[in-house]
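Trainee: Could we go through this structure together, one question at a time?
Mentor: Gladly, let's have it in view before we start.

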Amino acid sequence: MSAERTAPLSASDRAYPTLIPPAYAQQIVWNDPNDPILRQVLPDPRELVVDPRERLDPIGDIAFRPVPNLTHRHPDRVLLFPTDRCAVHCRHCFRRNELHDADDAPGVTGLDQAFAYIKEHTEIREVILTGGDPLTLSDQELQLLRARIENIPHIRLIRFHSRVPVVSPARITRTFIEAVTGRLPVTLVTHFNHPRELASGSVSACMRLKDSGITVMNQGVLLRGVNDDALVLEQLFAELFYHAGVVPYYLHHCDLTLGLRHFRTSIDTGLRIMKAIRTRLSSICVPLYVLDLPGGYGKINLEGDRVVSRNGYNWVFKDDFGNLHHYTEVVDENPA
Ligand SMILES: *Cc1c(COP(=O)(O)O)cnc(C)c1O
Ligand code: SF4
């Protein structure tokens, strides 16, 4: 590695330190710089190139935060953030700029205001534990959280957002499953981006969850140089469902997170890939291709009727309330 490459590389690592759990590291083909797993975890000097149109809070989670550690955008469901820690540091993470700040970690007992808010708002039916990754909490902490949620009579569903089944599948133990299951149905939405991640460990972790009655779904991110290929994503979606029993739920367009231009495809690329996949694969296996509107206005289906108009990279989208939002794509015209 040349000195030129080493210096900015260590700077991007300092800005957002590398973290790769052993089970995930084992899946990497280290001598292949294009390895789709390596690309998701290896710092890249291009992360330090920031476009003024990129954002610190790309999807507006902070704009809809009535109390600390909780986001309430849709009436029936809230995001709850019990931890800032993750099992892996994904380079493409849309929360990479707000995560992993040790001073900020609420811990399970630091959620009193959030729980008071949920109790007060009887329209909330679903609590989504996200983060960070809630599966970095101990079984004891998770059991405590579940008990607090189950104590609120209007809550009907618990959902986890977690990359742990992919990157650290041994964490999915019998005692973990006992800690999170009880009175309420449980859904776990995990995050596979490439068929190579469907190794025997991660597949059997998903099967264990499913066999315990937990609904397992997937949300991936469309990433240039990782999975921006119809054959790769077709194989991912098919094998998630056929082999691991996981329902493909969302494919996210890469958000306007600071320093991620090298990962972003155009929306046209995503639409072309989805169109090809839809002609070949059962609709049961095909996720929705979505974009989180900047500013906190929610997700829109990029293949649906929320697209009002477009002119090159400039789009107009319609949110849940029919309000219009202008969106300009920030993509690398001249990929390296
Ligand atoms: C994505 C998101 C949800 C979950 O939405 P679903 O479409 O039910 O997966 C909930 N709240 C916020 C703020 C979100 O961004
Ligand atoms: S696991 Fe999720 S929250 Fe954590 S770094 Fe990866 S994408 Fe971000």
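What follows is a short exchange on a ligand site, a helix and a few loop residues.

Mentor: This is a predicted model, where local features need pLDDT of at least 70, side-chain atom pairs count only at pLDDT 80 or more, and totals for chains, interfaces and linings use all residues. Residues are numbered from 1 along each chain as its sequence is written, chains are lettered from A and ligands numbered from 1 in the order in which they are written, and side-chain values use heavy atoms, with hydrogens and water left out.

Trainee: Which residues are around ligand 2?
Mentor: Being near here takes a heavy atom within 4 Å of the molecule. The shell divides into six nonpolar residues, one polar and one charged, where Ala, Val, Leu, Ile, Met, Phe, Trp, Tyr, Cys and Pro count as nonpolar, Asp, Glu, Lys and Arg as charged, and the others, Gly among them, as polar. The names are Tyr16, Cys86, Val88, Cys90, Cys93, Leu99, Arg163 and His191.

Trainee: Which residues of helix 4 are buried?
Mentor: Helices are DSSP runs of H or I with at least four residues, strands are E runs of at least two, and both are numbered from the N terminus. Buried means under 20% relative accessible area and exposed over 50%, with partly exposed in between (1.4 Å probe, protein chains only). In helix 4, residues 112-120, the buried ones are Ala114, Phe115, Tyr117 and Ile118.

Trainee: Why do they line one face of the helix?
Mentor: The arc uses the directions from the helix axis to the C-beta atoms. On the other side of helix 4, Lys119 and Glu120 are exposed. The buried residues line one face because, seen down the axis of helix 4, they fall within an arc of 155°.

Trainee: What does Gly259 touch?
Mentor: Gly259 lies in the loop between strand 7 (247-252) and helix 10 (267-280), and counts as buried at 0% relative accessibility. Contact means heavy atoms within 4.5 Å. Not counting residues up to four places away in sequence, Gly259 touches Arg46, Glu47, Val49, Val50 and Glu54.

Trainee: What is phi of Asn69 near?
Mentor: Asn69 is found in the loop between helix 3 (38-41) and strand 1, and counts as buried at 16% relative accessibility. Most residues other than glycine have a negative phi. Asn69 has a positive value, near 65°.

Trainee: And which peptide bond is cis?
Mentor: Most peptide bonds are trans. Gly132 has its place in the loop between strand 3 and helix 5. With omega near 10°, the cis bond is the one from Gly131 to Gly132.
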